[in-house]
Amino acid sequence: MRGTGLKCGRRKLSTAVRSTRRIRIMADPALRAVFLVAAAFLSACSHVEAAGKNTPVVELGSVRLEGSVEDGAQSFKGIPYAAPPVGDLRWRPPQPPSDLPQSQSYEARAFRSDCMQIPFESIVGTPINTEPSEDCLYLNVWRPADTDVGANLPVIVWIHGGGFVNGGSSQDIYDGAAMARGDVIFVTFNYRLGRFGFFAHPALSAEGKGPSGNYGFMDQIAALNWVKGNISAFGGDPDNVTVIGESAGGVSVLNLMVSPAARGLFQRAVVMSGGGRTIRGFGGRHIRESRIGVASAEEIGVNFARAAGINSEGKAVLEALRALTAEKVLGDLNLRTLFVQDPLSPQFPGGPFVDDGIITGEIEDLIGGENAFSGPLMIGTTSADMGFAAAPTKPLLFATFGQYAKEARAVYDPAGEMGLKNLVDMVGADRVMHEPARHVARRHSDFGAAVYLYRFHYVADAVRDKWDGARHASEIPYFFGTVGIRYGDETTTQDLSVQRLANGYLLNFAKTGDPNGAALNNWPTFHPREILLKFTQEGEASAGADPWAQRLDVVEAARSVSRNSSDNQ
């Protein structure tokens, strides 16, 4: 039926059938044939809708995916988008999936394993719900109830965070039913983490079987290619895709925006607390080139091999590495240990790094360039976002601003009354999240593209007496409509009101590239007046100039001097 261009629209077809009966078409052989085709199609549509109430079905070629109905939406979970990256496929680019039974039904009713990790108490408030495994390249699709093949709905693809070492698509907070009820197709997926996803070694480069190193990032691109090739079968529009990510997922979206390998795979982008500047020790890393204080990814891979007792060369070292158990490759790596690696002999590159063509340079340099993504962008942070700063005293903290130490003291602590911990947290978040988001907004605006910058200040009633501001990742349930999942019985009317605002802006953006719509306060574009939308603690959305602009100006100025100095070394 797909080739006919017809849709399962009960009202339109039944009206047409009743109308043809009135003119007694059964007496005309030609019209009678049309009537019978229409009646047969109507019957088939009725069958699909009836079956969908119990077992929604999607046909992918000769494969029949059988999903579930939940919370007013249909879901299809655990769909393989690539072959299991195990055995000889460990540390290889993702290969086409091989375990969908041809000409048979495939039960897509449950999450498959999240990627290999040591589970960590999730900063988003909900843990993964599967047993982690190296066999983990699966995705999940939610769509509105009674969606047919020709619905052509906007598509949102979510990339989870977790420092590139934790997280997964099974987390309750990422449930897509609420998004689907907003008339979009919502997709989540897993990608390889830790050393399974980001690992380089001279022997892998010499193997010559495709690009090496950023396997987790290659997985993300493979998932987006799957969406482009298959989402129309779920009623989605492959030419109206919004990719969204938070934290490591936000970093991923920024890399996708500047990667030549991802060109044309999405039309809009949303970056939530994704930085945008190079973080020393975790950014600025290259696959082969080591610099002072920044080991190459290949050097780190050799460190790991030696620590595992592997000192062979060439093909033998790869055989030995691939023979390691998944637990041995994983080691003790997760968010708890990520930042305590041996600086003299690191064994994990920290996530994506510059390679031979998938990631071609640093985000802060490439964003806004002629070859980068140029579509609409929504980008923002939380008021008490994550950062990296440390100093035993205030003078030493301000000294990290170099020649701008005096200016930093004036904008951060003019009266000298701020506590050291609060100062450290503010400076860290400004350096890692707030100023980089503004940098990306500025650079991307150079395209003339629409950019919408936000800062999320709202803290749920349930944790308001425990938090000094909106913590890293705390905005996710509001945008996704899962506040009730996150806070349960402690969810308040005001929490739900903020959810309506954030979710409404996101859905509008995915549908049109503009977050504005009925019953929402106007959110102006960032350029040229550098307008920011603030989700306030009072539960409102208010647009205006950034009250933290002077702080960010000092951070930017100090960074510019520091980076120029480093580049000249």
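Begin by selecting Tyr-452, Tyr-454, Phe-456, Tyr-458, Tyr-478, Phe-479, Tyr-505, Phe-509, Trp-523 and Phe-535, which ring pairs link into a cluster. Rings of Phe, Tyr and Trp (its six-membered ring) pair if their centres lie within 6.5 Å, and planes under 30 degrees apart count as stacked, over 60 as edge-to-face and the rest as tilted. What you have open is a predicted model, in which local features need pLDDT of at least 70 and side-chain atom pairs count only at pLDDT 80 or more, while totals for chains, interfaces and linings use all residues. Residues are numbered from 1 along each chain as its sequence is written, and side-chain values use heavy atoms, with hydrogens and water left out.

A search of the whole structure finds 28 aromatic pairs. Select Trp-91 and Phe-199 next, a stacked pair with 4.4 Å from centre to centre and 25° between the planes. Trp-91 lies in the loop between strand 4 (73-80) and strand 5, and Phe-199 in the loop between helix 4 (194-197) and helix 5 (202-207), so the pair ties together parts that are 108 residues apart in sequence. Helices (H or I, at least four residues) and strands (E, at least two) are DSSP runs, numbered from the N terminus. Both Trp-91 and Phe-199 are buried, where buried means under 20% relative accessible area, exposed over 50%, and partly exposed in between (1.4 Å probe, protein chains only).

Move on to Phe-266 and Phe-373, a tilted pair with 4.9 Å from centre to centre and 40° between the planes. Phe-266 is in the loop between helix 7 (248-258) and strand 10 (268-272), and Phe-373 is in the loop between helix 11 (363-366) and strand 11 (377-382), so this pair ties together parts that are 107 residues apart in sequence. Phe-266 is buried, at a relative accessible area of 6%, and Phe-373 is buried too, at 11%.

Centre the view on Phe-234, whose contacts, leaving aside neighbours within four places in sequence, include Val-58, Leu-65, Ile-185 and Trp-226; contact means heavy atoms within 4.5 Å.

Strand 1 and strand 2 (residues 63-66) pair in the antiparallel sense over four bridges, and two strands pair if DSSP finds at least two bridges between them. They belong to an open sheet of three strands in the order 1-2-5, with mixed pairing. Strand 1 (57-60) and strand 5 (105-107) stand at the edges, each with a single partner strand, so one side of each is left without a neighbour in the sheet.

Two backbone stops come last. Most residues other than glycine have a negative phi, and most peptide bonds are trans. Asn-152, in the loop between strand 6 (138-144) and strand 7 (153-159), has a positive phi of about 55° although it is not a glycine. Finish at His-527 and Pro-528, which a cis peptide bond joins, with omega about 5°.
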